[in-house]
Every structure is written in structure tokens, then in C-alpha cells.
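Thanks, everyone. Let me put the model up, and then I will walk you through it.

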Amino acid sequence: MINNLYGQDILSAGQFDRKSLDLIFSTADRMKRLVKSKGGSNLLKGKIMTALFYEPSSRTFGSFITSMQRLGGGFIPLQGVTYSSVSKGETLPDTVRTFASYSNVIVIRHPEVGAAKMAADFTELPVINAGDGVGEHPTQALLDLYTISSHFKKLSGLTVTMVGDLLNGRTIHSISKLLSLYSPVTLNFVSPDILKLPHELMNLLLERKVTVHEYEKLDELLSKTDVLYVTRIQKERFTDLKSYEKLKHFYVITPDVMKKLKKSAILMHPLPRVGEITIDVDLDPRALYVREQMANGMYIRMALLSLILKK
Ligand code: CP
């Protein structure tokens, strides 16, 4: 397969087609086998990744770092920017140009929509968007879709129900774009009225002839859902904390809710969770967020780094 990701930025899930997803997923399969058999390789020896995280992260930061380590590369970890010159008021372009002169790829998480694109405009190096505010989180969408496709073997024909903060949930924005490539799929969007999917994204899905439905209640959908994708109500995106308090536990997945979910369905969550899935659900074999989804983040990011940095 031709590697059309070499040297490329990863800024939006909208940039992928099915061919490039096949390449990323087959490379992730290889990375999984590599980690399980040998722990890693020296494929990226001599390559350095800057991880520039202006917002908190556990999984994305941790899996990018370990991906580089497992492939024999190095990294500059900037998690929180308190101890870099950003705290002295340095601009994003200056920070990006600085670390571009030390490394081969920049991974950036930032609270502002479009920050990753702005970073990419200031360097020749490939830039990977690790989450830009309420915009997108394309690498999360890749690992989510990889998890779904590994489980069901095919994506067309699935009914995916996404629940929670659909307005601010960047993982939702990105995975919806990827799923739209596999029509016929049915996408159910379940949220409180003030947290509905952004109009522009809904219009894009409609243009792509995806079957979409919006609901406020989840119950009646459980028996018809193949993938239940739950997200956190995002406190950090609310200006009015009273609204957040009212909505934070609008949807809670408990063992009783799981009884109504199809036996063959899977339950996913990008994490972190703050009470929207109770911990006693973790033992349910359909709960893939603990068993597969997180680990797949590392295989997908190993795949991306290897494809972007090696011809
Ligand atoms: N899913 C995700 O982006 O998790 P982190 O915020 O911990 O990176």
C-alpha cells in the first residue's frame, strides 16, 4: 500500500478516506503484534517528537510518549506549559518554531479551535492535532474506529449511538466524520437540548447522506444500538457552572442500563469519565473502554508516527 501519510499533518478527521484508514489500521495491527512479541523496535531511532500540551491529558500524552519510546525514538515532553517560556507570554508561533528546530514532528493539544492548524502554518514539520478545544481530536477518532472495526470486522450497517456533550465533545466531532465514510451507518445523537451536535457538522453528515437522528432520551435506543459511545459533560467548556451542575449526571450508564443494551453491542468512552459510567459496569464484557480502547490508542499512535516519519 502506498504511504500517503509520509510527512503529512494530522489536523482533522475530515482529511481521511477509507484507503488511508485501511493503511493506518493495518499498520496498527502490525504494531500490536510487534509490541506483544518484542515490546518495540528501532524504527524511529534518531527521530524526536515534541509533545506540546497546553491542556491536561493522561491517555493522549502518555500514549504518544510511549509510542515514540517503543519505536526507538526520543521526545520532548511539555505537559502543561508552566515551566516553558509560554508562561512568560511566548506566542504559539514562536513556541512551535523553537521546538521545530529540535524535533521531527510536533504533537499539540491546545484549548483553542484551530490551534493545531495555526501551528502547522508556522512549521514545515508534520503537526498532529491531539485535541484543539471544542474542535477535533482526530487521533482519538482513529483509535475509536479501529476499536469498532476490530470488534465488528465491518463498519457499514452499524448503528452508533453517541451520548453526552455533543456540542463540546471533540471526540464526537471527529468520529462522526470518520463514520460518515462507511454509509450506510445510522448515527443517533443523544444529548440535552443545549448540548446538541454543532449545526455545521450535522449539515455535513446530511450532505454525506448519513442516517442521523437526534434524541434527548437514551432508553428506547439501547436495544437497537451496536456501539454505545458515552462522553463526559465537559465542565471546562461551561461559562455557567449552574448549568453544568444541572447536566453533569444527565446520563449515567449503570448495570441496569446495560441490561437494556443489545447483547452484541459494545460500550465505549474516550475517557476521562466523571460518573457517567459507574465503575460496576467495567466488568461487563461489552465495556471496551478499559480493555481495548485505551491500549488501541498506543497502537494507532505508533502506526501514525511510523507512517508520518518513515517512507
Ligand atoms: N481521550 C483523551 O483524550 O484522554 P486524555 O484527555 O487523558 O488525553
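**A salt bridge, then the ligand site**

The side chains of E136 and K177 form a salt bridge, at 2.6 Å from N to O. This pair ties together distant parts of the chain, 41 residues apart. E136 is in the loop between strand 4 (127-132) and helix 5 (138-152), while K177 belongs to helix 6 (residues 170-179). By salt bridge I mean a side-chain nitrogen of Lys or Arg within 4 Å of a carboxyl oxygen of Asp or Glu. That rule gives a count of 14. Helices (H or I, at least four residues) and strands (E, at least two) are DSSP runs, numbered from the N terminus.

A word on the source. This is a predicted model: local features need pLDDT of at least 70, side-chain atom pairs count only at pLDDT 80 or more, and totals for chains, interfaces and linings use all residues. Residues are numbered from 1 along each chain as its sequence is written, and side-chain values use heavy atoms, with hydrogens and water left out.

Now the ligand. Which residues are around the ligand? They are S57, S58, R59, T60, R109, H137, Q140, P270 and L271, where near means a heavy atom within 4 Å. By class, that shell has two nonpolar, five polar and two charged residues.

Next, the polar contacts (pairs of N or O atoms within 3.5 Å). S57 places a polar side-chain atom 2.6 Å from a ligand oxygen. S58 uses a backbone N or O atom, at 2.8 Å from an oxygen of the ligand. R59 also has a backbone N or O atom by a ligand oxygen, at 3.0 Å. How much of the ligand does the protein bury? Taken alone, the ligand exposes 260 Å², and the protein buries 92% of that; these areas are Shrake-Rupley values with a 1.4 Å probe.

Last, the backbone. Two peptide bonds to proline deserve a look. S183 to P184 is cis, with omega near 5 degrees. P184 is in the loop between helix 6 and strand 6 (186-190). L271 to P272 is cis, with omega near 5 degrees. P272 lies in the loop between strand 9 (266-268) and helix 10 (288-309). Finally, K153 has a positive phi, near 70 degrees, and is not a glycine. K153 is in the loop between helix 5 and strand 5 (159-163).

Key: A polar contact is a pair of N or O atoms within 3.5 Å; within protein, one must be able to donate a hydrogen and the other to accept it, and residues adjacent in sequence count only if both atoms are side-chain atoms. Ala, Val, Leu, Ile, Met, Phe, Trp, Tyr, Cys and Pro count as nonpolar, Asp, Glu, Lys and Arg as charged, and the others, Gly among them, as polar.
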